[in-house]
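Subject: Structure for you to look at

Hello,

Here is the structure I promised to pass on. Please open it alongside this email, and then read my notes below.

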Amino acid sequence: MHILIVEDDEVARDHLAKALREVGHTVDVAADGLAGLHMASSIAIDLAIVDRMLPKLDGLALVQSLRATGRKLPVLILSALGEVDDRITGLKAGGDDYLTKPYHVAELLARVDALARRGESGNAETSTKLKLADLELDRMTRRVTRDGKKIELTAREFQLLEFMMRHSGQVVTRTMLLEGVWDYHFDPQTNVIDVHISRLRQAIDKDFDKPLLHTVRGAGYSLREDE
Amino acid sequence: VDAARLTDAARLRPRRAAVSPDQRFLGILDTSPFRIAIAYSIAFACGAALLIGGVDFAVSRVVDSSTDNLIDAEVQGLREQVLVLSRNDFIELIEQRSQDQDVRGAVYLMVDPQLRPVAGNVPAWPTKPDSDDGKWIQFKVAVPYGDETREHEMRARRFKLPGGYDMLVGHDVQERQDVKNLMMRGLIAAVVLTLLLGLGGGFWMGRRILAQAGAISAVATQIMRGDLSQRLPVRDADDEINTLAREINTMLDRIEQLTLGMRTVLDSAAHDLRTPLNRLQSTAEGAMSQVTPGSPERRVLERVSVEVDHMRSTLDALLRIALAETGTVAREAVSLSELVASMVELYAPVSEERGITLESAVAEGAQVQGSRQLLAQALANLLDNAIKFTPEGGRIRVSLLTPAAGPEVVVEDNGPGIPADKREIVLGRRVRLDQARKVPGSGLGLSLVAAVTKLHGARLVLDDAAPGLRVSLKF
């Protein structure tokens, strides 16, 4: 995938570019807003990572101009501001996701991955049935089966599984889960998400040989068929 | 308290309805100008009544006594005449006087023992007088007035004549009565008019004040919701309300400047701290991928990364506290019921895992204006704290109550609690009581709760749950 990084902080930019290249992406970089906008408009780019505060052209203005020209590419906004409602302004300006500095590379990679797949798996958003190996989830009847056997889930466990299945094969971080399933943007002091995940794991993996819900060390969780 | 009852209470609680015309009318009656106007009207009306009453009393005293003196003199004269005149001469004298046009309004009547008129200008002996105190008698007589007749009030004295005859000597007091009546009507009209004018004026001024006060309180509400660009409406007049509004607006300009300044400082502080932290994190993680897992270098880098994480959460907490304290956070309608229920649901598995019972009673339909994320963070901090300090086998209870005064969120635990004399102190920044030092945490949790509570115009109360801590957020 071709990714554009618009970031004025050289150290962060270089590390980010390196990390993205390591996982196989093609990366272009720009150090200010104007250069970033120029590159985003002239090169075929699949995804942009834009710092919010940039010289020459502000990150939000960049995203707005990009959206004004009809470019629909996913944009991840990086911010070093005070957040809470800055996040809302960032998403309103046309950003698809918002990450506050300092971030973990794993968190950023997971979010880039999620944004990238969102475009290609457009039908997964709308299809009523989600399927992974022998695990099936029906959004209409709210029924979950594995190997044909019905699995009883609470409403929240169902939501959690639905989110994991929509992101199957990807790494999903704890903050992504808290945001995506609960719509909360804070980091709890206690491991609340881990316990929810372990309950879900009990429900879907306990009685079966092949586990589907995996822990990814230092990053989060992943729902996938082990190869 | 059971959840069903709480739910009922929520349903019974009246919603704040739009102001009906009736309430507006009653509102005007409550305004100070209206009350002042009414008080003054009543005072003026009483004054007018006293004044006119006094004048009327004085005038009638003077007029009455002069009439009475006149009649007394006449009676005295006639008593003397009757002794010296024959009956027929006396009758003639009476007839003469009755017809004398110079003595206006004088009335005479002489009757025989059967009360039949013998002489005088009164058609009949008054058998049903208006008043009769033995000496003075008052009665009405029909007096011709062009084609019609009018009843005139007469005041007279009577006395016995020799031979069983009776004599009545008096005066027409109708004119005086007319003046009196006129004055009385004037008095009543004046009182009624004063009251009406006072009522009308008070109502008008009350409506004006209410409109101005309403506009001011609407703007004040918006300002309290964080929209600092709002200003009070000012009319082109120099009355005290407009002067006050102008001064408040100047004050608001200043507050807005200061708050925006604080927000800018906050944003640059955030930027200047997050950027190097981010470099540190990126560098550490970049280097980590270069070294073999488990090596001493790797452990050092991991340590760095963990410390950056700690610094980040402390920084996040500090920035959120500062942001909440500037009051510039965007607000929206937040369903407190949904929020509390979902936070309880979020924390239920982790407390169960630690052997703590998490109970909840959440009333439905509670809503506040504010920041959902900050409220969630505050509630999360309270629950994190409760879970941290409640021993295994303990109990945490989360309730959302909706008394008429406004919703109240209560988090109770049966952990060690906070001693009464330390409850105020823990709300300050970075205070951790000695017994808490062994538990991880930044010590900013309750400060953030306090700042968020203040931002929402709510009250934070720490109390004894006997045993344990009871934290209440009263909106």
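At what angle do helix α9 of chain A and α8(B) pack, and how far apart are their axes? Keep in mind that this is a predicted model. The angle is about 80 degrees, and the axes are 8 Å apart. Angles of 65 to 115 degrees count as roughly perpendicular, so α9(A) is roughly perpendicular to α8(B).

Now find the residues at this crossing. Helix α9(A) covers residues 192-205. From α9(A) come V192(A), I193(A), V195(A), H196(A) and R199(A). They meet a set of residues in α8(B), among them L346(B), Y347(B), P349(B) and V350(B). E345(B), E352(B) and E353(B) in α8(B) also take part. By class, this contact has seven nonpolar, one polar and four charged residues.

Next, step back to the whole interface.

- Contact: 50 residues of chain B touch 38 residues of chain A.
- Buried area: the two chains bury about 3900 Å² between them, and 51% of it is on carbon and sulfur atoms.
- Top residues in chain B: N278(B), L346(B) and Q373(B) lose the most area to chain A. Together they account for 16% of what that side buries.

Which elements of chain B give two or more residues to the side that touches chain A? They are α6 (240-288), α7 (296-326), α8 (336-353) and α9 (372-389). The largest share comes from α6(B), with 14 residues. By class, this side of chain B has 17 nonpolar, 17 polar and 16 charged residues.

The rule finds five across the interface. One to look up is R263(B) with D86(A), where the closest N and O atoms are 3.6 Å apart.

Best wishes

Terms used
Residues are numbered from 1 along each chain as its sequence is written. Chains are lettered from A and ligands numbered from 1 in the order in which they are written. This is a predicted model: local features need pLDDT of at least 70, side-chain atom pairs count only at pLDDT 80 or more; totals for chains, interfaces and linings use all residues. Side-chain values use heavy atoms; hydrogens and water are left out. Contact means heavy atoms within 4.5 Å. Buried area is the accessible area (1.4 Å probe) that two parts lose on being put together, summed over both. A salt bridge is a side-chain nitrogen of Lys or Arg within 4 Å of a carboxyl oxygen of Asp or Glu. Helices (H or I, at least four residues) and strands (E, at least two) are DSSP runs, numbered from the N terminus. Ala, Val, Leu, Ile, Met, Phe, Trp, Tyr, Cys and Pro count as nonpolar, Asp, Glu, Lys and Arg as charged, and the others, Gly among them, as polar. Axes are lines fitted to C-alpha atoms, for helices over the stretch in contact, and angles run from 0 to 180 degrees between N-to-C directions. Angles under 35 degrees count as roughly parallel, over 145 as roughly antiparallel, 65 to 115 as roughly perpendicular and the rest as oblique.
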